Amino acid sequence: MHGPHDAAPTGELRHAGSADPPSWFTRGRDRVWLPYAQMKTAPPPLPVVATNGSRIRLADGRELVDGVASWWTACHGYNHPHMRIEIARQLETMPHVMLGGLLHEPAARLAERLAALLPGDLGRVFFSDSGSVAVEVAMKMAVQYWINNGVRGRTKFVAFRGGYHGDTTATMAVCDPDEGMHRLFKGLLPEHLITDLPRDEATTAALDRLLGERADAIAGILVEPLVQGAGGMLFHDAAVLRRLRALADRHGTLLIFDEVFTGFGRTGSMFACDAAGVVPDIVTLGKALSGGTLPLAATVASERVFRAFWSDDPMQALMHGPTFMGNALACAAANASLDLFEREPRLDQVKAIETQMTAGLAPCRGLPNVVDVRVRGAIGVVELSTIDIPRLKARFVAEGVYVRPFGRIVYLTPAFTIGAEDLARLTGAIVTVLSEP
C-alpha cells in the first residue's frame, strides 16, 4: 500500500524526550481559536513541523502515524511529489483570479474531468471552498429550481437522523437535531424534516407518507450516501439509496447526495453513488477533492436542474459567488489529485486497506466496552458503550499514532497510500488502548 512518496522509515517510530516548544507555538497558541475545543480545559495542541506520507512530525522530534488523514482529506498521503510539482507550477503562473466574468484553465479542466467521472448527466460544476458551503449552494439551487419553475413554497428539506452536513447556519439545520453539536442553536435554525433512513419496509413507508403529505413544501431530499460521517460513521447499504431515488421520483422532488466525505474512493468506489447505481440530481464534493492540500469544494448539478437557471431573465441566475471559488491553485491541486487516481492504483489500495483493517480491528469485538466494529472501504470504526475521549487521545499519542475519537467511536480514515506496517500500528494501537481497563 505504499505510495512512492512514503519515504518515512517503516521501522520503529522516532521518539524524543521532552523539549521546550518552539517560540511560534508559545506565542501563538493562545491566539488561535481551535475547532471543536473547549479552550479553557482542552489540552494544548501538538506542535507540528512537517508531514510526509502517513506521518506527522512534531516539534520535539516524535513522528506519529496519522490515522485520520487530516479529516479524511489527504487521500494520497502528505507531500506527494506530483501534488507539490503541479501546485508549484501553477503558483508561478497565476495563484488566483476571480471567476466573476473570468475563467482559467485549471477550473475549466477540473469541471470537465468531474463531469466525465460522475454518473449520468451530472455536469454543471459550481465551485466553492468548503464542504459546508457546497451543501448550502446545493440547498439554494434546489429551492431556486422550484422558484424558477414557477413553484413557490418548496423551501423544506428532508434529511436523516445520524446525518451531518456542516457547521454553517443552513447546514446545521439539516444535521441530526439530537446529535449534540448544534442543539444550542435551536430557534436560530429553520426547521426541516428530519426522519429515519428508509432501511426497511416500515421506515420506507413512513418516508413515503411524509413525502406525500408535505410534497408542496419539500425542495429536496439530502443524504450522505453509504456512510453518515461526522454523525457517527453510520453505514447503510445501496438499497437505501435506490429507495430514496424511487421516492424522490414518485413524489417529484430533487435528490441531493452529500459526497463531501464519501467522494473520491473513501468507501471503495470513486463515488458512493457509483456503488449504488443511483444518479442524484445534485452532488456535493469536498475534502479529498484537492488531495488534502488546499480548500476546495464543488456542487455539481444535473442538466435538469441547470436548465431551470438557463434564461433571459437575470433574476433566474444563481446569485452566489464565494470570493475564492475556483481558486487556481486549488483547482491545480485537484487536477493533480485526479491524475493520481488515474495513474496509481488507489481503489485497489482502498480494498487492501479494507481487508487489513477488518482483520486488524477484529480483536476489538471481544472487548467488554465495544458495541460494534465495522469497516467499509478505507473507513474503520469501533463503537463503544462509554468513552473517555481525553484519555484515549493521550494514550494514542503515547502509542505513536494520531487517532481522534469523537462521540462514542474510535475510527480510522487513513491515506490510501499508507503502508501495511503503518496501518498495523494504527489498528494495533486501537486494540491495545481499548483493551486497557
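1. Proline 322 sits in the loop between H10 and helix H11 (328–343), helices being DSSP runs of H or I with at least four residues, numbered from the N terminus. Leaving aside neighbours within four places in sequence, proline 322 is in contact with Phe126, Phe127, Ser128 and Val133 (contact means heavy atoms within 4.5 Å).

2. A word on the source: this is a predicted model, where local features need pLDDT of at least 70, side-chain atom pairs count only at pLDDT 80 or more, and totals for chains, interfaces and linings use all residues. Residues are numbered from 1 along each chain as its sequence is written, and side-chain values use heavy atoms, with hydrogens and water left out.

3. Now look at glycine 131, which is in helix H5 (residues 131–148). Glycine 131 is buried as well, at 17% relative accessibility. Not counting residues up to four places away in sequence, glycine 131 touches Val260 and Ala297.

4. Both residues turn up in the UniProt record: its unreviewed entry places the feature "binding site" at Gly131, Ser132, Asp258, Pro322 and Thr323. Feature names there are shortened, positions follow the numbering used here, and annotations may be inferred rather than shown by experiment.

5. On cysteines, there are 0 disulfides (a disulfide is a pair of cysteine sulfur atoms within 2.5 Å). The sulfur of cysteine 331 is 16 Å from the closest cysteine sulfur, in cysteine 75, so it is too far for a bond. Cysteine 331 is buried at 0% relative accessibility, and cysteine 364 is buried with a relative accessible area of 0%.

Note on methods
Buried < 20%, exposed > 50% of the residue type's maximum accessible area, 1.4 Å probe, protein only. Helix = DSSP H or I, 4+ residues; strand = E, 2+ residues; numbered from the N terminus.
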